[in-house]
Amino acid sequence: MGNVCLRIGHTYGMQYRKEYVEMFVRVDVEGQLFPVAFMWDGRRFTVEKTLDRRLSPPQHVGGALTELFVCRVDGREHAFYRETQSGRWFVERRIG
């Protein structure tokens, strides 16, 4: 993917990096965002359901104020973060 942040975090011997993703969202009449799909490695994945949404820092890579969206995709939970200042979406991708 083209927009990869080079900040790397470490947790229990695993390394993570912030990787920006293209996110498709639905905006309701009150302005609330709901992820509906995202692009990963050139493929589009559908978000089945948003399970949790709250202000929370990234777990592994650190960063500015972010909003955490925990979503079910293909039956599994995935964490997506939205930077509140830039509006950009990212995941913490495990590397190594």
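Reader: How many salt bridges does the structure hold?

Author: This is a predicted model. A salt bridge is counted where a side-chain nitrogen of Lys or Arg lies within 4 Å of a carboxyl oxygen of Asp or Glu. By that criterion, the number of salt bridges in the structure is eight.

Reader: Is Glu19, which meets Arg17 in a salt bridge, buried or exposed?

Author: The side chains of Glu19 and Arg17 are joined at 3.3 Å, N to O. Arg17 is partly exposed, with 26% relative accessibility. A residue counts as buried under 20% relative accessible area. Glu19 has a relative accessible area of 1%, so this residue is buried.

Reader: With which residue does Arg93 form a salt bridge at 3.6 Å?

Author: Arg93 belongs to strand β8, and its partner sits 52 residues away in the loop between β3 and β4. The relative accessibility of Arg93 is 24%, which counts as partly exposed. The closest N and O atoms of the pair are 3.6 Å apart, and the partner is Asp41.

Reader: Which residue pairs with Arg72 in a salt bridge?

Author: Arg72 lies in strand β6, while the partner is in the loop between β4 and β5, 24 residues apart from it. The closest N and O atoms are 3.6 Å apart, and the partner is Glu48.

Reader: Which residues do salt bridges with shared partners join into one network?

Author: Two of the pairs already described are Glu19 with Arg17 and Arg93 with Asp41. Through shared partners, salt bridges connect these residues into one network, whose members are Arg17, Glu19, Asp41 and Arg93.

Reader: Why is strand β6 described as largely enclosed by the rest of the structure?

Author: Strand β6 covers residues 66–73. The threshold for a buried residue is under 20% relative accessible area. The strand is largely enclosed because the buried residues number seven of the eight.

Reader: How many bridges join β6 to strand β7?

Author: On one side of the comparison, strand β5 (residues 49–55) pairs with β6 in the antiparallel sense over six bridges, and Leu55 has Glu67 as its bridge partner in β6. Strand β7 (residues 76–83) also runs antiparallel to β6, with Phe69 standing opposite Phe80 in β7. The number of bridges between β6 and β7 is eight.

Reader: Which residue takes a positive phi in the hairpin of β6 and β7?

Author: Two residues lie between the strands of this hairpin. The positive phi is near 50°, and the residue that takes it is Asp74.

Reader: Which element gives the most to the lining of the largest pocket?

Author: The largest pocket has a volume of about 520 Å³. Its lining comprises 17 residues, and the closest to the centre are His78, Ala79, Val91, Glu92 and Arg93. Two or more lining residues come from each of β3 (33–40), β7 and β8 (89–95). With five residues, the element that gives the most is β7.

Reader: How many residues of the lining of the largest pocket are charged?

Author: The lining residues fall into three classes. Nine of them are nonpolar and three are polar. The number of charged residues is five.

Notes: Residues numbered from 1 in each chain as written. Predicted model: local features only at pLDDT ≥ 70, side-chain atom pairs only at ≥ 80, totals over all residues. Heavy atoms only, no water. Buried < 20%, exposed > 50% of the residue type's maximum accessible area, 1.4 Å probe, protein only. Helix = DSSP H or I, 4+ residues; strand = E, 2+ residues; numbered from the N terminus. Pairing = 2+ DSSP bridges. 1 Å grid on protein atoms, 1.4 Å probe; cavity = no way out; pocket = protein on both sides within 12 Å on 5 of 7 lines; lining within 4 Å. Points joined across faces, edges and corners; volume = space filled by probe spheres on them. Nonpolar A, V, L, I, M, F, W, Y, C, P; charged D, E, K, R; others polar.
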